[in-house]
Amino acid sequence: MGSKSGGKTKGQASGKSGKGKGGKGGKGKAAPSLGKSSGWQGSSWSGSQWTGGQSSGQWTSSSSQEAQRFVKQLLDTRGDRLEREILGGGTLWRSCWADSSQGKNLMMILGKLPASANVPPPPAAACQAAAERFLERERGSPEQAVAAAEVAINVVQRLLLFEWEVSAEEARDALEGILEKAKDCLQLKHKDHKDALKRIMELIDELEKPWKIRCKAEPEDMPEEPASSVPGTGAGGTFSHQGWRKACVAWLARTELFASPLLPKMRGGTKVKGVDPRGIYDSPDQYMDTIQQLMVAMTFSEGNACISPRCWHRDGGKECGATLWPVPEGQGLHCRSRHCHGAVVLACGNRNHLSGLCKKCAREATMNAVGRAGHKASTHIYDACLTHIGADGRLYFQGVQSRNPPQMAIHWRTTKRLQSPNLVALVKLSEPGAGLRLEDALYWGEITSHPHVGGKPSDEARRHEAGQLAVNMAGVVEFDSEQFTEGDHLAIIDCMTFVPEYIPVLKALEKQRDSTLPFQDGALLNLCVWNRPIGNTMAEDQDMSNLQQLVDEMIDESTLQPIREIRRDDQLADRLSQELLQLLRAVTLDDGQLRSFIDGLRNSLHLTQGPPGTGKSYLGVVMVRALLIIRKLWQQVNATVGTPPILVLSYKPFGA
């Protein structure tokens, strides 16, 4: 079953340490001793800064034995309780890093520390020394070397989540030092070593991105934004879809950012003249640009429509009302303004509507829409007075009134206007009812409810009818309460976008852009031709009757990182085989489902398709049960993986 490393790893010895009892030890081969500290000399913590120096080879601490007991206590602590234990230990967390002979234990603790844990980062230099000591002592057989390298990879990935108290250069040097030492442990003649080396090189490339290392920056170190810059513009002064966080009225009024005919199209995998379209994007950046532009357009298109000129043509007595979109000049259209002969730049998407607006008239229409109250103003812009700023980021308004109320009174219980959680843009006004200027900044928020009164929910419809409104400013972008003052007069642009459906996606795309795309940087998704892998699926004539053979071959050939690590240990590989066999014998899978099950565990990405009623959801449940088995054994062979989550998504509430 491929190369294995024999024996179980020894657990921690039972005993008392700190508060409470330590965990019980397991059976098996004893882990190699890391010996006495020899590479790290004379270092200590003073306050919140790490200071190193050469002295007698001893490290300064109030009690080295107490720090060692603290390390053992953390090893016996469950991952979800580590944060509380570390914070409760005070300075012991930092001081225990001075003894690099604890390298292996400290690596295990870092690996199982949850990503959400908010604990101080370890000293960068001491962390590097401990990791290098661990790698030096664990680079015995090829199996031990690659296992140690994978521990180092997991640890560096966890260290990237810390906010460092040293400079970014110092933190980057320490992390790169760990990866370089891990790279030295590997030999290219071994396949698993090649895969680990590839992961190391990808991490080193990630470290070169300036945003990957987060540090605590002093306010005076932050670059100041030029006073002349226009919110929402890019480096060249042009408006960009990426400028939505710090946008202005002019950004929201730029129809070309939101008009569907001008947006990029998502590329599909349809064959053209029989040619397989491998590599449908030129680069990951092109893919991310495309999807971000489309998501920004969908999120803010209604807000753009609120302040953009609309079609006035009547069909069957009803006004069209569609937003006018940019069109090339010379389309045979005429400007609707009387006595105006300018070239039309905005027109309705309906080709039967033969008039539009020229550039001058289009600008005038936009300025009227964002201007003072009147019949030409937008009905979705409201004047309001800020009466209270809540500690939770909520703003409370009174005197809320549309600048162009509809002819029929608004029925607040059924209307979509100002309903929670609509997206809104706030604009600070120089005086009550003032018109909006194109350079005015937009502050994004979402409509929310007022606090409960007497334990009962607030009647928002009645409050809206009385001109009262609550806006949550902390749910969309970062909120600074000093931007507003009670008594301020503001304009509220109702974008009528459902915030929970769009804003989290925009934020996730921004975060994704700062890191490597999943599925081998998009190669497994057929996004592009770079680094395209070769499929690893079963043959069409494969014998499906021998479950033992199917499972064993899958374990030997799987490209999944957890299974690759498990199969290096003969005993754990046998357990994986037996537990998967028990699972398959306990469930009912036909040949098609069984083939999908095996192929799904062979490859990092797998697609099962079929008509309704063919058991896709049932197969999904079985796959999750298999992943739970794999995760349990993976944690035994490599404790630094922590508790990886298994994410299950379903578009139907009764699905898998």
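## Lining of the second largest pocket

In this predicted model, the second largest pocket has a lining of 13 nonpolar, nine polar and six charged residues. The lining counts 28 residues in total. Nearest the centre of the pocket lie P309, R310, A365, H375 and K376. The space inside comes to about 820 Å³.

Two helices, α10 (284-306) and α11 (359-369), each supply at least two residues of this lining. Helix α11 gives the most, with five residues.

Strand β16 spans residues 489-498. Seven of its 10 residues are buried, so the rest of the structure largely encloses the strand.

Strand β11 (residues 381-389) runs antiparallel to β16, and five bridges join the two. Here I381 stands opposite I493 of β16. Strand β13 (residues 422-428) also pairs with β16 in antiparallel fashion, through six bridges. V427 has A491 as its bridge partner in β16. In a regular strand, side chains alternate between the two faces of the sheet.

## Salt bridges across the chain

The structure holds 23 salt bridges. One of them joins the side chains of R245 and E510, at 2.9 Å from N to O. R245 sits in the loop between β4 (214-215) and α9 (249-253), and E510 sits in helix α13 (residues 499-513), so the pair ties together parts that are 265 residues apart in sequence. R245 is partly exposed, with a relative accessible area of 27%.

E557 and R602 form another salt bridge, at 2.4 Å from N to O. This pair links distant parts of the chain: E557 belongs to helix α15 (residues 547-557) and R602 to helix α18 (residues 591-602), 45 residues apart. E557 has a relative accessible area of 37% and is partly exposed. R602, at 4%, is buried.

R575 is partly exposed at 31% relative accessibility. E579 has a relative accessible area of 18%, so it counts as buried, the cut-off being under 20%.

E150, D192 and R568 are linked in a network of salt bridges.

## D173 in helix α7

D173 lies in helix α7 (residues 168-184). With 48% relative accessibility, D173 counts as partly exposed, since exposed means over 50%. Its C-alpha atom is separated by 8.9 Å from that of A125, which is 48 residues away along the chain.

Note on methods. Residues numbered from 1 in each chain as written. Predicted model: local features only at pLDDT ≥ 70, side-chain atom pairs only at ≥ 80, totals over all residues. Heavy atoms only, no water. Helix = DSSP H or I, 4+ residues; strand = E, 2+ residues; numbered from the N terminus. Buried < 20%, exposed > 50% of the residue type's maximum accessible area, 1.4 Å probe, protein only. 1 Å grid on protein atoms, 1.4 Å probe; cavity = no way out; pocket = protein on both sides within 12 Å on 5 of 7 lines; lining within 4 Å. Points joined across faces, edges and corners; volume = space filled by probe spheres on them. Nonpolar A, V, L, I, M, F, W, Y, C, P; charged D, E, K, R; others polar. Pairing = 2+ DSSP bridges. Salt bridge = Lys/Arg side-chain N within 4 Å of Asp/Glu carboxyl O.
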